[in-house]
Amino acid sequence: MTHTILLIDDEEEIRRFIRLALKAEGLNYVEASTGKEAMLVLKGELPDLVILDLGLPDFDGYSILKKIRETSKLPVLILTARDQEAEKIKLLEGGANDYLTKPFSIKELLVRVKVLLRDLVPNKRLLAIDYGKLMIDLQKHQVIMDNAPLALSKKEFALLSMLAQRAQELVSQQTLLKQIWGESHVEDSHYLRIVVSQLRKKLSDDAATPKIIETEPGVGYRFLLLPLNKHFS
């Protein structure tokens, strides 16, 4: 199936740059240069993914993101020149699936797009994820590494499975804390640091040069491995 990407950006050069890259990957392409155009396109088209620039001439990109999230779980990749930690957290908590800070490489953009599109599997339940040396069985709550089972606590497994199911995406601290510990613990980031540290030891992952779990200080975590296979019901 050929996916359709909606790009919302007011800079013609960036749109041309991304348009050529998406076409080379065999992806369909729809574009809008203003927020008003974007809303009209979203009413008439049903894209599989949105690439959204925050700096639009007529709309704040956040308002477009909010509109999308009111009615859809459509994957949204944000393009932004804002690199502050607070902005990144605001984006993720506002419903963005991922973001790229300008200037960015087209190679990284395509990787992020492919990751978000790869996870579009409707009406199926994910049972297990195979990364080669690492297998996460979501049904049996088991993790196998180098053909040997890992003894993980419930919190360790919950954290690992949440990150793994959103591989290559940056997942905010607040999202992880809310989902695993509950609403009352969204500010208790030290819980995450402890569990991530324990996980890294069991996965033989180095925080300084991570190959499995990457930390973006003050913002969240990213699972770096790409799956070789996914098993669905």
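Let's start with Gln168, which is buried, at a relative accessible area of 13%. Buried here means under 20% relative accessible area, exposed means over 50%, and partly exposed is in between, with a 1.4 Å probe and protein chains only. Before I go on, a word on what you're looking at: this is a predicted model, where local features need pLDDT of at least 70, side-chain atom pairs count only at pLDDT 80 or more, and totals for chains, interfaces and linings use all residues. Residues are numbered from 1 along each chain as its sequence is written, and side-chain values use heavy atoms, with hydrogens and water left out.

Back to Gln168. You'll find Gln168 in the loop between helix H6 (154–164) and strand E10 (170–172). Helices (H or I, at least four residues) and strands (E, at least two) are DSSP runs, numbered from the N terminus. Gln168 is not a glycine, yet has a positive phi of about 75 degrees. For background, most residues other than glycine have a negative phi, and most peptide bonds are trans.

Asp146 is another non-glycine with a positive phi, about 50 degrees. Asp146 sits in the loop between strand E8 (142–145) and strand E9 (148–149). Is Asp146 buried or exposed? Asp146 counts as exposed, with 54% relative accessibility.

While we're on the backbone, look at Lys102 and Pro103: the peptide bond from one to the other is cis, with omega near -5 degrees. Pro103 belongs to the loop between strand E5 (98–101) and helix H5 (106–118). Helix H5 also holds Val111, which counts as partly exposed at 33% relative accessibility. Val111 and Gly94 are 17 residues apart along the chain, and their C-alpha atoms are separated by 22 Å.

Now to helix packing. How do H7 and H8 pack? Helix H7 (residues 173–180) meets helix H8 (residues 189–203) at an angle of about 85 degrees, and their axes are 10 Å apart. The axes are lines fitted to C-alpha atoms, for helices over the stretch in contact, and angles run from 0 to 180 degrees between N-to-C directions. H7 and H8 are therefore roughly perpendicular to each other. On that scale, under 35 degrees is roughly parallel, over 145 roughly antiparallel, 65 to 115 roughly perpendicular, and the rest oblique.

Which residues meet? From H7 we have Gln173, Leu176 and Leu177, and from H8 Ser189, Tyr191 and Leu192. Contact means heavy atoms within 4.5 Å. By class, the contact of H7 with H8 has four nonpolar, two polar and no charged residues. Ala, Val, Leu, Ile, Met, Phe, Trp, Tyr, Cys and Pro count as nonpolar, Asp, Glu, Lys and Arg as charged, and the others, Gly among them, as polar.

Tyr191 turns up again in an aromatic pair. Rings of Phe, Tyr and Trp (its six-membered ring) pair if their centres lie within 6.5 Å; planes under 30 degrees apart are stacked, over 60 edge-to-face, and the rest tilted. By this rule there are two aromatic pairs. In one of them, the ring centres of Trp181 and Tyr191 are 5.6 Å apart and the planes are at 50 degrees, so the pair is tilted. Trp181 lies in the loop between H7 and H8 and Tyr191 in helix H8, so the pair ties together parts 10 residues apart in sequence. Trp181 counts as buried at 17% relative accessibility, while Tyr191 counts as partly exposed at 26%.

Last stop, Thr4: this residue lies in strand E1 (residues 4–8) and is buried, with a relative accessible area of 16%. Leaving aside neighbours within four places in sequence, Thr4 is in contact with Asn28, Val30, Pro47, Asp48 and Leu49.
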